[in-house]
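Here is a friendly walk through one chain, from its overall fold down to a few single residues. Please keep the viewer open as you read.

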Amino acid sequence: MPISIMKGSLKYCTENKLFFLFILILFLILEYLTDIIDTPTAYGGTIIFWIISIGYGLQITEDVINGGARLPKIMPKKLISFGIKGTIITLFYTLIQGIPLSIVASFLNFPTFEIEDFFLEYNKTLLLIFNYDIGSFVIFVISGIIITYVTVFFMELSLARLADGGKLRNSFNFGRIKHAIDIIGWKRYTIGYTKIILVVVLFSYINKFFDPYYIINIIVGLVCLLISF
């Protein structure tokens, strides 16, 4: 169940409570510096924060694959390597996801934005419901969910393959990705992946709840980020 995944992730992150606190403070400082560095025309801070976040997230994935029971130490060289390679993979799948979403949105004359906004941005959702045909709205949401689910399905395994070896080319070897899923079992992998998606969605809602409280929102967001890897 998703709840058991949450409990297991929380136990992993808090196995060493002092180090967990250190990671939270470190990412809190990075988030603060990101807000200072970024300008309306430049997002250098956001890019750096993203690379560090995904890099450490992949360190966590690597540690879990190797049987780790607590948050791994920060290894700057590995973190940066993972972060850059992980960003390339994420951008690739985001592009793959964005093309069909844009086509569907254009066909239905819908504004293009991430499907997650339908569940987190209530005002936008209600605006679309009231201003567009309900049939078109349902088609867009269902097709958006399917497209997002499928692309993230393969992206997560690609990132896991990167963490399990560190070679970027392995993440784009789709024959081996299929073979890996065949070994795990498509049904088993789909069920496990779906549970993780539900946990991530739940964390997103929790983080959204704390939007009015800036500091708490950042802390909760970082906790959700660490636990979701």
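## Overall fold

Helices here are DSSP runs of H or I with at least four residues, strands are runs of E with at least two, and both are numbered from the N terminus. On that basis the chain has 11 helices and zero strands. Read from the N terminus on, the elements run α-α-α-α-α-α-α-α-α-α-α. Please bear in mind that this is a predicted model.

Of the 229 residues in the chain, 36% are buried. If you take the contacts with a separation of 6 or more, residues 24 or more positions apart account for 70% of them.

Let us begin with helix α7, which covers residues 134-163. Its 30 residues should span 44 Å at 1.5 Å a residue, and the end C-alpha atoms are 43 Å apart, so the two values agree. After α7 comes Gly165, with a positive phi near 145 degrees.

Two packed helices are described by the angle between their axes and the distance between the axes. How do the axes of α7 and α10 cross? The axes of α7 and helix α10 (residues 186-209) come within 11 Å, with a crossing angle of roughly 105 degrees. Angles of 65 to 115 degrees count as roughly perpendicular, so α7 is roughly perpendicular to α10. On the α7 side the contact is made by Thr148, Tyr149, Val152, Phe153, Phe154, Glu156 and Leu157, and on the α10 side by Trp186, Tyr189, Thr190, Tyr193, Thr194 and Ile197. By class, the residues of this contact of α7 with α10 are nine nonpolar, three polar and one charged.

As for α10 itself, its 24 residues reach 34 Å from the first C-alpha to the last, close to the 34 Å expected at 1.5 Å a residue. Tyr189, Tyr193, Val199 and Phe203 are buried in α10.

In soluble globular proteins, nonpolar side chains tend to be buried together. In this chain the largest nonpolar core has 17 residues, and Leu58, Ile89, Met155, Leu157 and Ile181 touch the most other members. At least two residues of this core come from each of α3 (44-65), α4 (76-108), α7, α9 (174-184) and α10. Seven residues, the largest share of this core, are supplied by α7.

Which residues does Ile181 contact, leaving aside its neighbours within four places in sequence? Ile181 is in contact with Phe153, Phe154, Leu157, Trp186 and Tyr189. There is also a second, separate core of 13 residues, which includes Tyr12, Ile23, Leu30 and Tyr56.

## Helices α2 and α3

Next, take the pair formed by helix α2 (residues 17-37) and α3, whose axes come within 8 Å and cross at roughly 160 degrees. Angles over 145 degrees count as roughly antiparallel, so α2 is roughly antiparallel to α3. In α2, the residues Phe19, Ile23, Phe27, Leu30, Glu31, Thr34 and Ile37 meet Gly45, Thr46, Phe49, Ile52, Ser53 and Tyr56 in α3. The contact of α2 with α3 has eight nonpolar, four polar and one charged residues.

Not counting residues up to four places away in sequence, Thr46 touches Thr34 and Asp38. Thr46 and Thr34 are 12 residues apart in sequence, and their C-alpha atoms are 5.8 Å apart in space.

## Helix α4

Finally, consider α4, whose 33 residues reach 46 Å from the first C-alpha to the last, close to the 48 Å expected at 1.5 Å a residue. Its buried residues are Leu79, Phe82, Gly83, Gly86, Thr87, Ile89, Thr90, Tyr93, Gln97, Leu101, Ala105 and Leu108. These buried residues of α4 pack against α3, α7, α8 (168-171) and α9. Asn109 follows α4, with a positive phi near 60 degrees.

Phe107 is also part of helix α4. With a relative accessibility of 73%, Phe107 counts as exposed. The C-alpha atom of Phe107 is separated by 9.7 Å from the C-alpha atom of Ser136, and the two residues are 29 residues apart along the chain.

Definitions and conventions. Residues numbered from 1 in each chain as written. Predicted model: local features only at pLDDT ≥ 70, side-chain atom pairs only at ≥ 80, totals over all residues. Heavy atoms only, no water. Expected span 1.5 Å × (residues − 1). Axes fitted to C-alpha atoms, helices over the stretch in contact; angles between N-to-C directions. Parallel < 35°, antiparallel > 145°, perpendicular 65-115°, else oblique. Contact = heavy atoms within 4.5 Å. Nonpolar A, V, L, I, M, F, W, Y, C, P; charged D, E, K, R; others polar. Core = buried A, V, L, I, M, F, W, Y, C linked by side-chain atoms within 4.5 Å. Buried < 20%, exposed > 50% of the residue type's maximum accessible area, 1.4 Å probe, protein only.
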